Amino acid sequence: PEEIETLKKLCEYGMDVAATGSIGYDDLELFRGIPVSCFIFGRAIRCAKDPKAEALKIKAKIDEIWG
């Protein structure tokens, strides 16, 4: 929660923010309403049983939230 509030404040100051580090599909809802310019998904995709399917699922959720 503290990190999300920090991201919100940075956006309010007009900064572009990127979200990185231990982020996965289930975390995306936490960022709803924040204009995140970039997500970096490492382990969430690399360690998935089917990396391609996981990447596509993440992309679809990003499209749903941020269009």
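Biologist: Among contacts in the protein chain between residues at least 6 apart in sequence, what percentage join residues at least 24 apart?

Modeller: This is a predicted model, in which local features need pLDDT of at least 70 and side-chain atom pairs count only at pLDDT 80 or more, while totals for chains, interfaces and linings use all residues. Residues are numbered from 1 along each chain as its sequence is written, and side-chain values use heavy atoms, without hydrogens and water. A contact means heavy atoms within 4.5 Å. Among contacts between residues at least 6 apart in sequence, the share joining residues at least 24 apart is 40%.

Biologist: In what order do the elements of the protein chain run from the N terminus?

Modeller: Helices (DSSP runs of H or I, at least four residues) and strands (runs of E, at least two) are numbered from the N terminus. The protein chain has three helices and two strands, and their order from the N terminus is α-β-β-α-α.

Biologist: What percentage of the 67 residues in the protein chain is buried?

Modeller: A residue is called buried when its relative accessible area is under 20%, with a 1.4 Å probe and protein chains only. Of the 67 residues in the protein chain, the buried part is 27%.

Biologist: Along its principal axes, what does the C-alpha trace of the protein chain span?

Modeller: The span is given for the C-alpha trace, taken along the principal axes of the protein chain.

How values were computed
Buried < 20%, exposed > 50% of the residue type's maximum accessible area, 1.4 Å probe, protein only.
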